[in-house]
Amino acid sequence: MASSPAEFRSRPALVMGSVMSAVLVAFSVGLWIAMGPEIRARFTGPQVGTLIFFLAFAVGMMMSVGLSKVIVAEDGLTVRNAVFTRRYPWSEVQGVQLGEGDPWAYVRLVPTAEHPEGRTQMALAIQRSEGAAADERIAELRRLIAEHRPGHTA
């Protein structure tokens with residue numbers, strides 16, 4: 001029937017998340033060292049823990065956006081954006097779009113009783129900032145969606 005599973009990721013988003021995370025960690029460590037031992041000694045364990053927690057949270061959020069992906073499999077489409085993962089069977093997937101002014105792609109879902117006009121799910125894995133590469137990924141994803149539509153014959 002369809003080709004093997006495919007995965008789409010945004011390399012620029014991953015690079016940006018990685019670079020920003022590295023800069024934030026380096027800046028935080030540098031600031032900690034620059035404060036000197038007499039000021040660092042005034043911090044309590046819970047205060048240090050809170051600083052580390054917020055640093056880890058910021059890095060985690062940046063990396064989760066950078067690691068967003070769209071997976072095409074035999075049973076449906078999986079969209080992972082930051083910390084949320086949604087799985088859609090092929091019967092729910094209508095198509096994918098990336099308009100001129102859109103910052104990233106959107107998966108269009110079929111209309112339902114709850115959403116008679118349909119709905120969309122953003123797909124951070126394909127970003128407009130990637131230019132022609134984004135257009136190529138959209139074309140490939142459209143082809144794969146068409147292959148997996150119910151009733152499609154090879």
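Helices, of at least four residues, and strands, of at least two, are DSSP runs that are numbered from the N terminus. With that in mind, this briefing on a predicted model looks at two spans that an unreviewed UniProt entry lists as "transmembrane region", namely residues 12-35 and 47-67, and then turns to the largest nonpolar core, which has 21 residues.

**The two listed spans**
- Residues 12-35 are 96% helix and 0% strand, and the C-alpha atoms at the ends of this span lie 34 Å apart.
- Residues 47-67 are 95% helix and 0% strand, with 30 Å between the end C-alpha atoms.

**How α1 and α3 pack**
- Helix α1 (residues 11-34) packs against helix α3 (residues 45-66) at an angle of about 165 degrees, and their axes are 7 Å apart.
- Because angles over 145 degrees count as roughly antiparallel, α1 and α3 are therefore roughly antiparallel to each other.
- The crossing in which α1 passes α3 is right-handed, and the residues that make the contact include G17, S21 and W32 of α1 together with L51, L55 and M62 of α3.

**The largest nonpolar core**
- Within this core of 21 residues, L77, I126 and L141 are those with the most contacts inside it.
- Two or more residues each are given to this core by β2 (69-73), β3 (76-81), β5 (93-97), β6 (104-109), β7 (119-127) and α4 (132-148), and the largest share, five residues, comes from α4.
- Leaving aside residues up to four places away in sequence, I126 touches F8, L98, W104, A105, A134, R137, I138 and L141.

Terms used: Residues numbered from 1 in each chain as written. Predicted model: local features only at pLDDT ≥ 70, side-chain atom pairs only at ≥ 80, totals over all residues. Heavy atoms only, no water. Core = buried A, V, L, I, M, F, W, Y, C linked by side-chain atoms within 4.5 Å. Buried < 20%, exposed > 50% of the residue type's maximum accessible area, 1.4 Å probe, protein only. Contact = heavy atoms within 4.5 Å. UniProt positions renumbered as here; feature names shortened; annotations may be inferred. Axes fitted to C-alpha atoms, helices over the stretch in contact; angles between N-to-C directions. Parallel < 35°, antiparallel > 145°, perpendicular 65-115°, else oblique. Left-handed = near helix turned anticlockwise from the far one by under 90°.
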